[in-house]
Amino acid sequence: MGRVVLVTGVARPLAGRFVRRVTRDPDVDRVIGVDAVAPAHPLGDALFVRADIRQPVFGRLLAEHAVDTVVHMDVSATPLGGGGRTAVKETNVIGTMQLLGACQKCPTVSRLVVRSSTGVYGSAPRDPAVFTETTPPKSLPGGGFAKDVAEVEGYVRGFARRRPDVAVCVLRFANILGPGADSPLAEYFSLPVLPTVLGYDPRLQFVHEDDVLDVLRIASSEPRRATLNSGTFNVAGDGVLTLSQCARRLGRPTVPVLPPAVTWVGTALRAVGLSDFSPEQVRLLTHGRVVSTTQMRETLGFTPTYTTAETFADFVRHRGPGILPPAAITAAVDGVAARLGDGVAQWTAKRS
């Protein structure tokens with residue numbers, strides 16, 4: 001018999017795409033998709049079970065279907081359907097606790113893959129230039145999705161100690177973008193005008209939806225020769241973009257806001273339902289965050305198809321142009337930069 005894979009959070013488009021892909025794997029016998037909400041998209045040949053991850057139902061599911069691989073994708077920053085921040089936190093944290101408790105008692109489970117986020121590192125002014133998987137955060141997340149994933153990872157580490165026979169893989173994804181992205185950052189980039197923090201131009205990394213599916217497939221399968229898919233891995237596309245570069249490529253104007261007023265702007269945006277401009281996101285858009293992907297390449301054996309810049313370009317193509325012409329803005333900025341560079345070179349030559 002082939003593998004039996006259980007995937008959580010399948011009502012979300014990205015998890016649904018992963019289910020459809022994994023059902024086509026020749027070494028997979030059955031796929032069970034679980035969510036509290038019926039998905040609006042097809043799941044291929046997978047069996048859908050409507051169940052709330054916060055309820056103790058997974059023990060029966062795992063035993064009934066003799067599940068050996070669990071892919072936990074029901075960890076998200078945004079609510080699905082009704083519910084607010086409280087429902088999201090309960091699903092992320094309590095739901096993960098319930099799932100891990102069921103996995104611990106099930107003898108057939110041999111592999112666990114958990115979707116996490118580089119948000120566990122936080123964003124602070126004294127952060128290192130590049131985070132590795134072992135770098136501790138300078139400032140622990142005080143709330144929001146970043147705190148959720150930090151708690152989730154803590155519970156996963158406890159599970160790994162109690163069940164050393166289970167291969168556990170935690171994937172810390174950078175900001176996921178693509179045609180169907182539904183993250184808070186995707187909502188922010190969809191605003192007609194982008195509020196920014198005055199005096200800051202943070203560095204950002206992105207990972208494409210297609211690369212997310214590819215790395216999940218690697219993590220949920222047996223490791224390939226000379227690779228290891230157990231452990232914690234940062235997942236991001238090559239390179240970085242600054243927020244100002246993102247705005248120019250989107251063709252959207254920015255409105256610099258004094259740091260004390262950013263919180264008020266976020267409250268106003270949430271009130272009208274435009275974007276989840278949380279304190280966590282404010283810190284990201286102030287200080288940025290860049291992670292090392294050496295372990296992703298050398299240990300996990302995964303190389304993304306899309307760079308950070310290519311991921312953002314694909315996102316822009318599907319979101320449509322902003323009110324400003326990106327090409328003209330880029331040309332103007334490049335021209336100013338070139339003239340400034342020539343002026344500095346001439347001044348240096350005269351001084352020497």
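Which residues of helix H2 (residues 58–65) are buried? The legends below start there, and every view shows a predicted model.

**View 1. Helix H2 has a buried side and an exposed face.** In helix H2, the buried residues are Phe58, Leu61, Leu62 and His65. These four sit on the same side of H2, because the arc they cover around the axis is only 95°. Just after H2 comes alanine 66, with a positive phi of about 50°.

**View 2. The buried residues of H2 pack against strands and a helix.** Their partners are E1, E2, strand E3 (47–50), strand E4 (69–72) and helix H3 (85–105).

**View 3. The largest nonpolar core holds 31 residues.** Within this core, the residues that touch the most other members are Val7, Leu171, Phe173 and Leu216. At least two core residues come from each of strand E1 (3–8), helix H1 (13–22), strand E2 (28–35), strand E6 (167–173), helix H6 (209–220) and strand E11 (231–235). H6 gives the largest share, with six residues. Another core, of 26 residues, lies apart from this one and includes Phe58, Ala102, Phe159 and Val168. As general background, nonpolar side chains tend to be buried together in soluble globular proteins.

**View 4. Here are the contacts of leucine 171.** Setting aside neighbours within four places in sequence, leucine 171 is in contact with Val113, Val114, Arg115, Ser116 and Ser117, and also with Val215, Leu216, Ala219, Phe233, Val235 and Leu300.

**View 5. Threonine 299 lies in a loop between two helices.** The loop runs between helix H10 (294–298) and helix H11 (308–319). Threonine 299 counts as partly exposed, because its relative accessibility is 21%, and the cut-off for buried is under 20%. Its side chain makes a polar contact of 2.7 Å with the side chain of glutamine 295. Not counting residues up to four places away in sequence, threonine 299 touches Thr227, Leu228, Phe233 and Thr294. Look for serine 230 too: 69 residues separate it from threonine 299 in sequence, while their C-alpha atoms are 9.2 Å apart in space.

**View 6. Residues 332–338 have a pLDDT below 50.** For the chain, the average pLDDT is 88, and 87% of the residues score at least 70. A friendly caution: where pLDDT is low, the predicted coordinates should not be read in detail.

Technical notes: Residues are numbered from 1 along each chain as its sequence is written. This is a predicted model: local features need pLDDT of at least 70, side-chain atom pairs count only at pLDDT 80 or more; totals for chains, interfaces and linings use all residues. Side-chain values use heavy atoms; hydrogens and water are left out. Buried means under 20% relative accessible area, exposed over 50%, partly exposed in between (1.4 Å probe, protein chains only). Contact means heavy atoms within 4.5 Å. A polar contact is a pair of N or O atoms within 3.5 Å; within protein, one must be able to donate a hydrogen and the other to accept it, and residues adjacent in sequence count only if both atoms are side-chain atoms. A nonpolar core is a set of buried Ala, Val, Leu, Ile, Met, Phe, Trp, Tyr and Cys residues joined through side-chain atoms within 4.5 Å. The arc is that of the directions from the helix axis to the C-beta atoms. pLDDT is the predictor's confidence in each residue, from 0 to 100.
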